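Please open the model in your viewer and keep the selection panel at hand. The stops below go from one whole chain to an interface and then to a single residue.

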Amino acid sequence: MAEGEFYRAASPREAAGLLAQHGGAARVLAGGTDLMVAVNKRKFKPQVLIYLGDAGMSGISQEGEALLIGAATPLNEILASPLVADKAPLLATAIKQMASPAIRNAGTIGGNLANASPAADTATPLLVLGASLKLVGANGEREVPLAEFFTGPGQSVLAADEIIAQVKVPAQSAEAKWAYRKVGKRKAQSLSVVSVAIYCPLSGGKVGGAAIALGAVAPTPLLATEAAGLLNGKALDEATIAAAAKAAAEATSPIDDARGTAWYRKRASEAVVKQLLTELAG
Amino acid sequence: MSKVIGQRVTRYDGMAHVTGETKFVDDQVVPGTLTVKALRSPVSKGKIKNLDISAAEKMPGVAGIITAADVPCNAFGLVPDQPVLVNEDIRYRGEAIAAVAAVDEDAAMEALEKIGLDIEEQQAVLDPLEAMKEGAPQVRPEGNLQIWDGHDYRQVNLGDVDKAFEQADEIVESTHLHPSVEHAPMEPICSLAVPHAGPKLTIYTVSQALYFHLGMLCGILQMEPGSVHCKQWKAKTGSSWRHNTGYADLNYVGGTVGGGFGGKNDIMADHVAALLALKTGRPCKWRWTRAEDLLYSTFRGAWHITIKDAVTKQGRIIGRQMTSIRDAGSYASLNPYVVEKHCYLGAGPYFIPNVRVRGYCVYTNKPPASSMRGFGITPAAFATEVQMDQIADRLGMDPWEVRLTNAFRKGEYTPTKRVLGSVAMIEVLQNLAAKAGVELPGHLQAMASTQERG
Amino acid sequence: MHTLELTVNGQRHKVEVGLKTTLLEVLRDKLHITSPKVGCNTGDCGTCSVLLDGVLVRSCITNALSVQGKSVTTLEGITEPGDIHPLQKAFHEHYGSQCGFCTPGMILASKALLDVNPSPTRDEVKEALSGNLCRCTGYVKIIDSVLAAADEMKG
């Protein structure tokens with residue numbers, strides 16, 4: 001039985017270098033809450049593991065008014081952070097409804113994003129907050145807006161030698177309202193059937209720069225730009241809300257799967273967007 | 001007074017549970033234990049054309065492989081129709097065809113991949129209503145319906161239901177679909193068999209039914225039923241009781257179960273673990289994965305229940321016809337027993353003088369269904385209680401009144417003509433109403449089980 | 001094989017593991033500590049829960065080599081030998097355990113809660129135990145047990 005190599009990367013660059021060196025046989029490991037499930041189910045057998053827990057990729061800090069979250073930061077650490085509570089409460093609200101305490105103690109924000117599930121629960125809040133990712137490769141690094149990161153179910157722009165090193169959440173408008181709802185088959189330990197995050201800056205009672213994101217209703221987490229666009233420059237009245245909700249649902253392309261039907265997801269998308277906007281209207 | 005009734009009694013195994021001392025089957029540590037994995041059918045129905053274990057047997061770490069040929073008596077069950085390992089005819093997707101004992105999981109899984117298996121797939125039937133039709137694929141040689149006394153249904157007949165329908169003020173019909181339900185105990189199916197010089201074999205089991213299974217295992221293994229003993233394995237003290245029948249071939253150890261609920265009333269792993277232990281001469285443990293447990297362990301089978309009641313304006317049910325179809329899966333298991341109990345209690349706790357219940361036990365190409373909490377009665381209760389509400393709805397009556405009106409009185413009898421000397425349905429409902437904050441009208445409050453029906 | 005050094009219930013160990021060995025396999029198969037259970041092996045049921053440097057984790061999906069040098073506490077190690085933790089006493093007296101299979105994970109999840117929140121509300125207990133499944137009790141008596149233990153621990 002092949003033994004395989006276990007590396008403890010001391011930095012994101014070193015981890016990327018090891019990925020480049022070992023090619024397809026290598027995987028990065030942080031909390032392991034997705035990777036080890038696949039290993040236990042015998043979906044794949046690791047040849048090389050590159051551990052990120054000591055790579056200086058954990059922790060939350062500020063850069064000016066922006067929030068910087070290390071990709072290997074466990075979800076519960078993000079949930080407990082006063083910085084996040086202050087600067088990105090929408091993200092904390094979404095994380096609180098993910099999985100369960102034990103999973104959140106180990107699972108990381110970078111792992112959730114890199115897995116690129118269409119239902120990734122950190123994706124929808126980060127999309128509406130305009131987040132970007134620092135990707136580190138063997139020979140350089142780049143910043144990619146999260147809105148350009150996902151390319152398909154389980155697929156992203158990550159090159160074979162790249163890892164997500166950091167998540168950057170830009171400064172938020174003080175006047176912004178936000179809302180989040182996750183629809184699942186259970187209250188905890190539930191993959192989303194539909195999730196919706198809404199970010200709604202207001203100025204003089206009118207919306208400006210709104211964003212609506214939906215999860216689990218398209219091949220990737222979805223920014224419904226047209227729907228959000230219908231809100232801009234308007235007050236949150238019934239007609240505006242109805243139009244935006246309808247447009248959001250039209251932007252989705254859900255499938256039938258074990259958790260729900262496309263039929264249900266289309267309707268739930270419209271209903272939840274409408275509910276949340278109505279709540280924001282107060 | 002009583003030392004127990006009305007007193008708080010702590011569990012004898014409580015302390016062992018909260019300290020982690022309680023040992024379940026998987027917690028038994030026996031040095032040299034081999035890991036067992038099974039090759040399962042990928043199709044719902046088919047014939048095995050070729051099964052070749054020769055390459056797998058030579059894989060590193062493999063201690064032994066068994067197939068149907070290794071089973072001394074390859075048919076078991078209350079109705080002994082189920083093979084330990086498939087002979088030739090596959091009856092459900094997931095049915096075990098061969099089993100490997102190897103030094104670890106990797107070796108066992110790699111060996112499974114090397115087993116040569118050719119199957120001629122056949123048309124399967126998965127829906128019980130389809131299985132009842134002429135020309136449906138036959139799940140078993142005896143046909144798709146369990147036979148009782150020359151009928152392909154279990155029946156309970158009382159009085160004259162057709163006459164009741166003629167006399168009725170209203171006929172109320174409803175159809176109920178009750179899905180299959182998996183017990184999903186926290187402890188998955190697991191079995192550890194340890195061979196020794198004498199007794200020949202100890203099996204640590206998750207069985208809820210030690211005596212049922214002891215007898216069945218003796219049959220499978222062809223061991224003398226008189227020469228076995230059954231040891232109740234207590235959580236902490238290890239104290240036990242046993243039949244002293246001299247030299248024992250089979251030492252069957254159980255009683256500490258991580259949740260059963262009727263889902264461990266069938267032999268699922270003990271026979272395979274035992275056979276591999278005897279073949280390899282080494283301890284063999286077969287621990288099912290959660291996926292195997294969810295997919296292939298026994299479960300409460302689905303029901304299709306139709307009730308047709310003859311009802312008077314006053315809400316009295318004077319006749320009931322109930323037709324219940326149980327999806328039994330591919331083997332009898334405890335399904336016939338489940339159907340029988342369902343039929344006896346189909347009328348519910350109500351006095352109905354004319355009853356015709358027919359229960360069909362229908363076989364389909366799916367894993368065998370079996371017992372779960374209530375043994376067939378819970379789905380009957382679900383259907384009959386919804387029916388009571390339907391009756392209330394049709395007559396514009398209060399649902400409490402419909403139930404109280406029809407509830408058993410002392411001296412009345414069940415559809416199987418069992419005279420009831422002591423009943424309390426009326427008092428229970430009155431009590432329940434009070435607890436639920438429902439004020440029953442005077443005439444309902446005045447009812448009593450000991451009063452004759454007015 | 002790789003060498004893993006870790007502390008379990010206060011005792012240091014050195015074991016040989018492979019790349020895909022889980023912490024649960026180390027505990028059960030190598031150290032014969034059997035209170036953490038194999039309930040699902042996919043991190044869904046909570047019966048494998050242990051405390052890793054005091055933090056609740058799923059040992060069945062924790063890569064063994066990733067806990068190099070760390071400290072693990074299982075149910076066997078939440079008190080000194082011979083002592084009974086208030087949570088253990090409460091689960092026994094309030095019938096928070098029936099078959100016992102979920103109990104080790106439940107008690108550790110409860111301890112993880114009370115370690116940071118000594119006065120939880122009923123809802124907070126439910127939230128903290130949301131990753132631990134039980135098929136026997138219906139959870140009510142488990143929550144009662146945790147609240148009773150919290151009361152006793154406040155003294």
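A residue is called buried here if 20 or more other C-beta atoms, placed from the backbone, lie within 10 Å of its own, exposed if 12 or fewer do, and partly exposed in between. This is a predicted model, in which local features need pLDDT of at least 70 and side-chain atom pairs count only at pLDDT 80 or more, whereas totals for chains, interfaces and linings use all residues. Residues are numbered from 1 along each chain as its sequence is written, and chains are lettered from A and ligands numbered from 1 in the order in which they are written.

Select chain A to begin. Of its 282 residues, 53% are buried, and its secondary structure comprises 11 helices and 15 strands (DSSP runs, H or I of at least four residues for helices and E of at least two for strands, numbered from the N terminus). Along the principal axes, the C-alpha atoms of chain A fill a box of roughly 65 × 45 × 30 Å.

Next, show chains B and C together. Here 28 residues of chain C are in contact with 24 residues of chain B, contact meaning that the C-beta atoms, placed from the backbone, lie within 7 Å. On the chain C side, α2 (86-93) and α3 (103-116) are the elements that give two or more residues, and α2(C) provides the largest share, 4 residues.

Finally, centre on Ser97(C), in the loop between α2 and α3 of chain C. Ser97(C) is buried because 29 other C-beta atoms lie within 10 Å. Leaving aside neighbours within four places in sequence, Ser97(C) is in contact with Gly14(B), His17(B), Val18(B), Phe91(C) and Thr103(C).

Notes: Contact = placed C-beta atoms within 7 Å.
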